[in-house]
Amino acid sequence: MSASTSRRALLWAPLGLAAAGGVGFWAMLRGMKDGSYDPRGVPSALLGKPAPALTLPAVEGVDTPGFAPDALASPGSPVLVNFWASWCVPCVVEHPQLVALQRRGVRILGVNYKDRPAEAAKFLARHGNPFAGLVADADGRAGIEYGLYGVPETYLLDGGGIIRWRWAGPMTPDTLSAELDPLLRRHA
Amino acid sequence: MRRLALTLLLAMGLLTGGALAVGRPAEMLPDPAAEARAQEIGRELRCMVCQNQSIEDSEADLARDLRRLVRERVAAGESSDSVRDYVHARYGDFVLLRPPFNLVTAPLWALPVIVLGLGALTLLRMRRRTAARPGPAPLSEEERARLAALERDI
């Protein structure tokens with residue numbers, strides 16, 4: 001390489017760098033638009049690990065029974081663990097999806113996060129109760145065991161009780177068709 | 001006078017701001033040494049809700065829960081590393097404000113070194129080129145005469 005060509009290459013370098021940055025930025029924006037990239041999303045540290053055991057009481061005033069710790073250790077078939085609260089507005093948005101999943105035969109275990117039992121019962125009476133089992137996490141400690149950011153948050157456990165998927169925030173119909181359904185099929 | 005008082009107040013606020021990160025004294029441990037250790041741990045843990053604050057600085061609910069958890073474990077005599085590991089195992093690398101060195105974070109740590117290295121390399125090459133370039137040829141007899149004439153004219 002002669003001196004003049006290398007100098008020319010040096011002149012082009014900033015432009016090349018800017019172009020590469022532009023392409024990267026464009027890819028990021030595109031990913032954000034089609035949902036494949038979420039700048040705030042951090043994958044759960046528990047993916048591929050056994051679900052933490054939950055030894056929590058059932059929610060008072062709700063017909064749904066609680067569940068034993070081994071309901072999560074070896075459920076036999078895929079099960080969803082859903083953290084929710086009656087005071088959480090996105091949970092209202094998500095609830096129809098939970099009800100639809102339950103109607104399709106998906107087993108959903110609920111964790112009522114830092115909530116008043118009476119309010120939780122009212123919420124379920126009003127919006128429907130999709131839970132096969134429901135426990136109360138009154139002080140939020142179970143949430144921390146799962147690395148919870150906030151409610152709603154949903155975990156998919158496979159038949160062996162291994163966490164395969166985590167969704168932070170409300171699941172929309174799109175979430176079900178694009179993310180959850182293929183996983184349910186794979187782990188069925 | 002009033003302005004002076006205000007300045008003093010502000011200065012005091014700045015000086016004590018760090019020490020009073022935990023707003024409510026009710027949250028603090030009675031043992032100052034244990035409380036200091038809890039704060040040291042908490043300052044290195046990210047509040048996952050607000051993301052750019054430590055759990056000691058944040059007023060988010062989750063941060064408060066984590067503060068309480070850290071204090072309980074410190075009060076029970078657990079080592080700082082063990083408390084940190086407990087939170088790290090549940091929230092992943094992102095919860096540590098000082099990211100650990102592993103395969104995923106390697107580019108993050110290596111980038112400054114790589115950029116500095118590239119800069120040094122460029123500088124070195126540029127210097128070598130200027131050193132290698134031959135200096136201007138000495139003036140010829142005719143040019144020297146012209147220069148002398150020009151200088152005389154000035």
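**Exercise 1.** What is the handedness of the crossing of α2(B) and α4(B)?

*Solution.* The model is a predicted one, in which local features need pLDDT of at least 70, side-chain atom pairs count only at pLDDT 80 or more, and totals for chains, interfaces and linings use all residues. Residues are numbered from 1 along each chain as its sequence is written, while chains are lettered from A and ligands numbered from 1 in the order in which they are written.

Step 1. Helices are DSSP runs of H or I with at least four residues, numbered from the N terminus. Helix α4 of chain B spans residues 80–91, and helix α2 of chain B spans residues 32–42.

Step 2. The two pack at an angle of about 40°, and their axes are 10 Å apart. Axes are lines fitted to C-alpha atoms over the stretch in contact, and angles run from 0 to 180 degrees between N-to-C directions.

Step 3. α2(B) and α4(B) are therefore oblique to each other (under 35 degrees is roughly parallel, over 145 roughly antiparallel, 65 to 115 roughly perpendicular, and the rest oblique).

Step 4. The crossing of α2(B) and α4(B) is right-handed; that is, the near helix is turned clockwise from the far one by less than a right angle.

**Exercise 2.** Identify the residues through which α2(B) meets α4(B), and classify them.

*Solution.* Step 1. From α2(B), the residues B:R37, B:E40 and B:I41 meet B:S80, B:V83 and B:R84 of α4(B) (contact: C-beta atoms, placed from the backbone, within 7 Å).

Step 2. This contact of α2(B) with α4(B) comprises two nonpolar, one polar and three charged residues.

**Exercise 3.** Describe the packing of α2(B) with α3(B).

*Solution.* Step 1. Helix α3 of chain B covers residues 61–75, and α2 of chain B packs with it at an angle of about 135°, the axes being 9 Å apart. The pair is therefore oblique.

Step 2. The crossing of α2(B) and α3(B) is right-handed.

Step 3. α2(B) contributes B:A34, B:R37, B:A38, B:I41 and B:G42 to the contact, and α3(B) contributes B:R67, B:V70, B:R71, B:V74 and B:A75. By class, these residues are six nonpolar, one polar and three charged.

**Exercise 4.** State what the UniProt record and the model give for residues 106–124 of chain B.

*Solution.* Step 1. The unreviewed UniProt entry annotates residues 106–124 of chain B as "transmembrane region".

Step 2. In the model, this stretch of chain B is 100% helix and 0% strand, with end C-alpha atoms 27 Å apart.

Definitions and conventions: Two residues are in contact if their C-beta atoms, placed from the backbone, lie within 7 Å. Ala, Val, Leu, Ile, Met, Phe, Trp, Tyr, Cys and Pro count as nonpolar, Asp, Glu, Lys and Arg as charged, and the others, Gly among them, as polar. UniProt positions are given in the numbering used here, feature names are shortened, and annotations may be inferred rather than shown by experiment.
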